Amino acid sequence: MTALVEVVRSGFVESVHHGSLVVTAPDGTVRAAVGDVTEPVYPRSSNKPLQALGMLRAGLDVADDDLALVCASHNGEPEHVERALTLLEKAGLDEEALHCPPDTPRGKPAAERRRAAMNCSGKHAGMLSTCVAAGRPTATYTAPEHPLQRAIAETVSEVAGEPIAWTGVDGCGAPLLAYSLTGLARAFGRLVTAESGDARRIADAMRAHPWLVAGTGREDTVLMETVPGLLMKGGAEGVHAFALADGTAVALKIADGNARAREPILVEALRLLGKTPTGEAVDRMAVGAGVVTGADRDVGSLRVTTALADALQ
């Protein structure tokens, strides 16, 4: 792992976040790498667009806005929750069919805790809808041996261009597939470079409905709204992936799993690749505004090291 982000407090480097990052060209070849990008990692929710591709191939039939929700790690805002519930209703199911744990909408009190508010409820509603459409059992839909989960694993392996190294359990209870950062970047590049079909449909749906993919103020939403053609999806434990419209793709993993290091890296990587996201929200992301504070005021910032710029030279 390589030092990627420094935490600077009052001009003094207080902490350092290490990690790995890969940039792949539109043809899938590695353009630049920082750290180990061949060992397996859990992509966490960055897997969701690829899982959704497996669902479409297995029979999922939804509109593009609902497809964006299936790929989402949403805030649990009212429209997110209502869309998840409507997906279930169309499949003849209700909230109790979801296997994801109950959660509260982002920033809301515990009294509003429910399964449909959990950030993965769209993915789970999509999995259940796929099972109903394909005539598969719903009670065991999160089991790794379920036909849908086997089909999803095959799809992820195909688009990543490598075998699944390990299968675990994600925070939402669904199977979690481990493979390399290089495979993750290549998969994102393939979504945006597909000329047609299910892969291109996922990329287009997420880019057309970025608010549904995350929500108000979230990095995926803000940056996809700011950079034309950008496809982006974050995951827990410091994972993120994105692809530009030409198929150039990036995947990163922060070693200690701390999400605070991701936003400055995302903004810097976009700038180094010739994109210039703008706006107050982006400017705050670039320096980790609100992260290094003292008495409710900023007293420092997050600073990206030169490792990525050096690798891209």
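Analyst: With burial. Buried means under 20% relative accessible area, exposed over 50%, and partly exposed in between (1.4 Å probe, protein chains only). Here, Asp 170 is buried at 9%. This is a predicted model: local features need pLDDT of at least 70, side-chain atom pairs count only at pLDDT 80 or more, while totals for chains, interfaces and linings use all residues. Residues are numbered from 1 along each chain as its sequence is written, and side-chain values use heavy atoms, with hydrogens and water left out.

User: What does Asp 170 pair with in a salt bridge?

Analyst: First, the idea. Side chains of opposite charge can pair when their charged atoms come close. The rule for a salt bridge is a side-chain nitrogen of Lys or Arg within 4 Å of a carboxyl oxygen of Asp or Glu. Asp 170 meets Arg 44, N to O, at 2.7 Å. Arg 44 sits in the loop between β4 (40-41) and α1 (48-58), and Asp 170 in the loop between β5 (166-169) and β6 (175-180), so the pair ties together parts 126 residues apart in sequence. Helices (H or I, at least four residues) and strands (E, at least two) are DSSP runs, numbered from the N terminus.

User: How many salt bridges does the rule give?

Analyst: The count is 13. One of them joins Glu 6 and Arg 303, with N to O at 2.7 Å. Glu 6 lies in strand β1 (residues 2-9) and Arg 303 in strand β12 (residues 300-304), so this bridge ties parts 297 residues apart in sequence. Glu 6 is partly exposed at 21% relative accessibility. Arg 303 is partly exposed too, at 41%.

User: Which residue forms a salt bridge with Glu 95?

Analyst: Arg 114, with the closest N and O atoms 2.7 Å apart. Both lie in the loop between α3 (78-90) and α4 (121-134), 19 residues apart. Glu 95 counts as buried at 16%, whereas Arg 114 is partly exposed at 30%. Bridges can also share partners: Asp 65, Asp 66, Glu 79, Arg 83 and Lys 90 form one network.

User: Which residues are buried in helix α10?

Analyst: Start with the geometry. An α-helix has 3.6 residues a turn, so residues three or four places apart point the same way. In α10 (residues 262-272), the buried residues include Arg 262, Ile 265, Leu 266 and Ala 269. Gly 274 follows α10, with a positive phi near 95°.

User: What share of the whole protein is buried?

Analyst: Buried residues make up 53% of the 313 residues. The protein has 12 helices and 12 strands.
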